[in-house]
Amino acid sequence: MNVTSMGSGHQSDDAARSDVELIGHSYRALIDGSAFDDLIAAWNRRIGQDAADGKPARFDDSMLAQFSEIDRLASSKWEVVNSDPVDELLSRCLSAAMVQNADSRVIAINPAGRAEFALEVGDTDAGDWLAPAHAGALRQLRQAARSGTNADRRVVECTAADDSARLRLAEARQVALPGYPQAVTLIRSLEFEWLEDTTALVEQSWGLTEAEGQIARLFYRHRSLAEVARLRGVSVQTAQTQFKAVLAKSGCQGQVELIRVLTALCIQSGIDAAPYEGEWINPYRNEKRLIRPGGRVLAYSMAGPKDGQPLIWLHGPNLNHALPRAVTDRLDELRVRLIVPSRPGYGHSEVDRSLSTEEDNVTALLSLAEQLELSNCPAIGTTSAGNMLILARDRAPHRFGRLGLISSFGKIDVVETSRVTPSHRAFFYLSVSAPRLLGYLTSLGLRMVLRHGPDWYIERAYGFNPRNVEALRNAETQALLRSDTQSMVRQKGDGFARDLALPFSDPDPALLRANRDDIWIYGSEDSHLAHRDRANTRQLPENLQTVVVPGASELLVYQRADAVCDLIAKLTETSAATIHART
């Protein structure tokens with residue numbers, strides 16, 4: 001079905017009122033997060049009207065013009081202010097900083113924090129950056145956060161990142177944030193970072209030479225002229241001579257006053273620098289990139305032992321890219337080397353707009369398999385990403401081995417569409433009935449994520465199912481889903497919008513042709529699946545092993561790491577897969 005343009009005189013009064021409601025909520029949703037929920041509800045009422053009438057979606061010319069204007073505003077940067085409480089908290093920190101939940105899981109960290117604390121989003125903080133004598137103070141603070149006691153703070157000593165003996169301190173404090181049942185812990189260094197702009201500011205303000213500017217930087221960092229001399233590769237006497245020139249030109253009377261002034265200049269440089277904004281950091285931290293035919297980038301990572309059996313892990317629409325530690329920690333035991341691509345439109349993988357979504361994803365997989373010289377490689381796909389694996393294997397059966405399919409896959413049907421969340425139902429409706437209007441709703445949704453942060457999206461995408469809500473209370477799951485959401489947002493939701501077409505592809509003929517011993521696992525509480533209703537309408541291979549995971553839902557990967565590891569083991573136990581050594 002397609003959007004039909006017609007004159008306003010042809011609309012019924014009910015349709016006209018419905019359209020006015022849609023426009024009103026759409027304009028409100030530009031600045032109000034709750035209005036987006038009202039807009040989704042209005043779209044679902046419109047879906048009900050269209051279903052009752054049995055007619056395609058019809059909008060008059062003035063409606064289409066209004067939607068076009070809303071899309072223009074939503075796609076612009078007009079008044080988009082990030083109000084994600086976690087990113088907002090981090091943006092106020094001029095030094096290295098990170099935010100942890102009550103279970104010591106890093107849920108956000110700024111660039112300086114990654115260098116200072118050697119941690120990334122999703123990591124559990126083992127406290128390696130902390131002086132042993134101060135571990136107890138931080139432990140008590142975290143316990144207070146878990147018990148919900150009053151906000152508290154500690155100043156703790158850090159281990160030196162170099163051989164100097166100078167004192168380095170950090171502040172740790174509890175902060176109550178909206179949407180978080182327990183206080184988070186903000187940890188920020190009390191050392192202010194020396195930026196490139198700081199060097200320029202010091203040299204220009206005091207007329208220092210480049211060598212003197214480096215002397216100032218190293219002395220600020222190490223507080224020791226002997227260490228400055230060592231790092232500069234000069235004698236201590238030479239370093240002292242250059243240091244005296246810095247003191248003379250700065251007007252400072254001694255080392256203490258110079259440190260005080262340099263600290264103030266570092267703070268000013270931090271204020272002048274662009275504020276921290278939430279960004280996606282690949283959780284595997286070893287990202288590689290290849291160039292597909294046509295020049296598009298495909299990014300991928302590796303996890304597990306280098307000599308392990310290769311297995312492709314393909315994430316679904318904004319889900320399951322960042323895996324739980326309970327899965328990745330067992331890769332050595334399983335002797336498995338995971339290959340984890342970011343699908344086109346996510347993270348750093350680029351979309352090829354000359355191709356359909358299905359073709360773009362399939363050709364990306366084929367490029368990955370060819371350039372890594374994979375042979376008979378097993379693979380796992382979650383939700384509709386499984387469709388892409390089935391179709392890719394159909395084209396290059398020598399590259400791909402047995403497949404593992406997690407949660408819903410195949411072509412979506414009417415029963416499943418009626419059971420998805422109201423938000424998903426509205427997006428699916430527009431992707432089929434009114435594709436011209438899909439972009440505007442996607443732009444509004446992206447605007448809300450940018451404004452209110454990943455948790456706004458996560459709550460709406462998965463909070464409809466009690467089993468999901470239970471999983472979202474898990475600190476690790478929350479951090480991993482934030483990472484996946486930031487991966488989606490990085491390319492302005494391009495992957496999310498295009499992925500709406502994937503559930504309408506039909507991989508079943510290719511699955512039947514394969515005649516492989518594939519495995520399908522899904523949760524007994526997965527709301528997106530309607531197996532009884534589909535049993536008589538869908539033909540699946542007799543040798544497709546089906547495993548129902550009790551108590552699991554759409555978030556099966558996070559809820560039942562044991563079932564995921566069992567699937568990996570079964571797919572690789574008889575595999576003779578190979579991968580080129582250069583990976």
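On a 1 Å grid over the protein atoms alone, a pocket is an open set of points with protein on both sides within 12 Å along at least five of seven lines, while a cavity is a set of points where a 1.4 Å probe fits but cannot get out, and lining residues have an atom within 4 Å of a point. Grid points are joined across faces, edges and corners, and a volume is the space filled by probe spheres set on the points. The model on your screen is predicted, so that local features need pLDDT of at least 70 and side-chain atom pairs count only at pLDDT 80 or more, whereas totals for chains, interfaces and linings use all residues. Residues are numbered from 1 along each chain as its sequence is written, and side-chain values use heavy atoms, with hydrogens and water left out.

**First stop: the second largest pocket**

Select Gly179, Tyr180, Pro181, Leu472 and Gln478, which lie nearest the centre of the second largest pocket among its 22 lining residues; the space there is about 650 Å³. Now colour helix H19 (454-462), helix H20 (466-472) and helix H21 (475-489), each of which supplies at least two lining residues; helices (H or I, at least four residues) and strands (E, at least two) are DSSP runs, numbered from the N terminus. The largest share of this lining, four residues, comes from H19.

The structure holds four cavities of 30 Å³ or more.

Next, show the eight strands that form an open sheet of mixed pairing in the order S8-S9-S11-S10-S12-S13-S14-S15, where two strands pair if DSSP finds at least two bridges between them. At the edges, strand S8 (288-291) and strand S15 (545-549) each pair on one side only. Within the sheet, select strand S12 (residues 377-382) and strand S13 (residues 400-406), which pair in the parallel sense over five bridges, and find Ile380 standing opposite Gly404 in S13.
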